[in-house]
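Hello,

Here is the model we spoke about. Please open it first, then read my notes below.

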Amino acid sequence: MYTNFKGNKVYFSTGGLNLVKDNETLCFVHGAGQNHYSFTQQIRYFVSQGYNVIAPDFPGHGFSEGNQTISIEEDMLWLVELLAFLKIEKATFIGHSQGCLTILELAEKKPEFVRGLVFVAGAMSIPVNDFLIDTSIDNPEKAYDLMVTWGQDNYGSFSISDWPGHNHLAEGNAVMKMNDSSVLSKDLKSCNSYNNGKQAASTININCLAVLAKFDMMTPLKKGLQMVEIIKQCDYKILECGHFLPIEKPKELNALIKKYLNTLK
Amino acid sequence: MSEKYRFDTMSLHSGHVPDKETGSRAVPIYQTTSYVFKDTDEAAALYNMEVGGHLYTRISNPTIATLEQRLASLDGGVSCIACSSGMAAMHLVVSAICSSGDHIVASNKMYGANINLLQHTMTRFGIETDFVNPNNLEEIEKSIKPNTKLVFGEVIGNPGLDVMNVPEVAKICKKKNVPLAIDATFNTPYLMKPISHGANIVIHSLTKWIGGHGIAIGGALVNGGNFDWGNKEKFPTISGSHFALNGISFWEEFGPSALTAKIRAEGMYNFGPSLSPNNAFYILQGIETLSLRMKKHIENTKMMLKFLKENESVSWLRHPDLEDHPDHKIAKKILPLGSGSIIVFGIKGGRDAGKAFIENVKLSSHLANVGDAKTLLIHPGSTTHSHLSSEAMKMSGLTDDMIRLSVGLEDIEDIKIDFEKGFKAAAKISSNKC
Ligand SMILES: Cc1ncc(COP(=O)(O)O)c(C=O)c1O
């Protein structure tokens, strides 16, 4: 769905349906260099489960225009302003990768918006090596390829997919190519410079869920588990896949989120 | 981290890892029509295409999905749909993109059924096609109209062996925001991957070299995921609201894989051109040796070209790897490993000599197929085009002395000996004529 927000055309996926006034809202927050297609197999599933879903494309990503936000703090502010603009008072936030940093920051600074939190392949900090940042500046398409290859386990290597006929390595690249070419480097720098994650995690007072990937090369499992330790009540599950968990293990992720949402009722 | 495997490895492994429950190393044949749902929730999710999975074999099947995923990875596409034949794949693509009132620009040097579908069948449904010389870039660009929704051609045309300058045509299509679909049957992804040259959709007849053994009819379309379908006025059934998704948009929900999502939900669902799981298995077996076979096909083709060039009974010889072929330069650029294993040549003595040649070869089979492991021949003048006069054949780019040879994998010396027998018989006719 398109809207005009802060003078720019902004897209947020709702699974193609209008938001229903009294339904609970789930907000999916994408990661670095991604857009709402990270959550293709979550968005419409949860709409059918009776939720309002919004999965925004951050500025410059996917179908959204406008100047890109260049820090996690800015990402968070853009997101809460968008929610306010859409008259969404409270939501359960599901972040993937960089999206986890955004929702950590949100949990600390704007807790009034938060009903629940799900961290998917996340951590409290995401340091990015210089090589990837430099490549994302000099040769973005090469950086997409590196990320997609690092980001998927065997499923990617062998084009294994529960989704008949899909080749996730190529698809991951195609999704990243939909963004402005300057987007990835800015996102990676935002991740790299964010250092409030531990503090933010320590302030969370609600029951959370972390779904982590055993073979995650982008946000290693170890770092995800450190986050689980710091958050007071954080249930967690480890799935046998790589960083692009929503694509590699969609059914397992959906079932875990669904179970978690039931605990919030 | 995933490994980036190379072509030969992907041809053996993509789309399948040993079965977790049984350990089966080979791809199992899931000979089933349908799949038990875990619960009503899962059933609804599958019906609505909310998550991946199998519902009914007309739409998808695990053995067929392995084939699709293997082809997508070999061609560098984001997604693939395998179906009952190459023609079914072609029809799925055309019907997914075009509606009544739309226009197609297509090569005039294509396989007869591709031409027939566009020239005679689609016109009945209000879809018009302008046929153009596949290498006249100016003509292609000029022929694209505001209602043009597809540009279509073959990398190596059947049977004329014209080579389309895919990278240049792709540039025009990109500029005009029209998807480029390429029939890559004669090259297979081993010789050339159209998506890496800017094409948006690849169509294969799997019946030919990909299956490779003349045992199963099949087809596939591979989606490059590199076309922006976002213009709702131009592509309303992909980016606008669609009945098959309860009124929502394939483009907004599926992005790079919108085209295949639509084809599965509409084409496979409503037309039903599904492949059988058994045929998918046979074709997968073929793919396992695709590169080995293609190497030998090319090697034998080179030797046959030399043999035919030196043979007195041959009046003319056509193959894109020959320097006198009009598209030789393009072929060298986009088909560096070789331009396939079809050779066309003329036989001295015209239609009757051609007939005599065909009737006197023993090892080479006279039949209507190409891309088998075995050497195949056809003489259009006495078969597919026998009802046409010499003049009428010329109009369709053929001559009555023309033989189409699909070079097989036999020992080259045996193929040559077989041909000598045919040539001897043809020469008798030819000398009687003189
Ligand atoms: C170039 C080309 N495309 C498509 C087809 C159609 O394939 P099928 O027979 O699998 O429908 C053929 C068949 O000869 C062909 O040669």
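How many residues of chain A are in contact with how many residues of chain B? The answer is 46 from chain A and 43 from chain B. Please keep in mind that this is a predicted model.

**The interface**

The size of an interface is often given as the accessible area lost when the parts come together. Here chain A and chain B bury about 3,500 Å² between them. Carbon and sulfur atoms carry 54% of that area. Three residues stand out on the chain A side: A:R44, A:F158 and A:P164. They supply 20% of the area that chain A buries against chain B, more than any other three residues.

Polar links cross the interface too. The count between the two chains is two salt bridges. In a salt bridge, the side chain of B:K4 meets that of A:D145, with N to O at 2.6 Å. Across the interface, 24 residue pairs are in polar contact.

Which elements of chain A give two or more residues to the side that touches chain B? They are β2 (8–13), α1 (40–48), α5 (140–151), α6 (154–157), α7 (168–177) and α12 (250–264). By class, that side of chain A has 21 nonpolar, 18 polar and seven charged residues.

**The ligand**

The ligand is surrounded by 14 residues. The closest are B:G86, B:D183, B:S205, B:T207 and B:K208. Sorted by class, the shell has three nonpolar, eight polar and three charged residues.

- B:D183 has a side-chain N or O atom 2.6 Å from a nitrogen atom of the ligand.
- B:S205 places a side-chain N or O atom 2.8 Å from an oxygen atom of the ligand.
- B:T207 has a polar side-chain atom 2.6 Å from an oxygen atom of the ligand.

How much of the ligand does the protein bury? Taken alone, the ligand exposes 390 Å², and the protein buries 91% of that.

**Backbone points to check**

Most residues other than glycine have a negative phi, and most peptide bonds are trans. Two places in this model deserve a glance on that account.

One is in chain B. B:N158 and B:P159 are joined by a cis peptide bond, with omega about 5°. B:P159 sits in the loop between β4 (148–154) and α7 (166–176) of chain B.

The other is in chain A. A:K87, a residue other than glycine, has a positive phi, near 60°. The loop between α2 (72–85) and β5 (91–96) of chain A holds A:K87.

Best wishes

How values were computed. Residues are numbered from 1 along each chain as its sequence is written. Chains are lettered from A and ligands numbered from 1 in the order in which they are written. This is a predicted model: local features need pLDDT of at least 70, side-chain atom pairs count only at pLDDT 80 or more; totals for chains, interfaces and linings use all residues. Side-chain values use heavy atoms; hydrogens and water are left out. Contact means heavy atoms within 4.5 Å. Buried area is the accessible area (1.4 Å probe) that two parts lose on being put together, summed over both. A salt bridge is a side-chain nitrogen of Lys or Arg within 4 Å of a carboxyl oxygen of Asp or Glu. A polar contact is a pair of N or O atoms within 3.5 Å; within protein, one must be able to donate a hydrogen and the other to accept it, and residues adjacent in sequence count only if both atoms are side-chain atoms. Helices (H or I, at least four residues) and strands (E, at least two) are DSSP runs, numbered from the N terminus. Ala, Val, Leu, Ile, Met, Phe, Trp, Tyr, Cys and Pro count as nonpolar, Asp, Glu, Lys and Arg as charged, and the others, Gly among them, as polar. A residue is near a molecule or strand if one of its heavy atoms lies within 4 Å of it. Accessible areas come from the Shrake-Rupley method with a 1.4 Å probe; for residues, only the protein chains shown count as cover.
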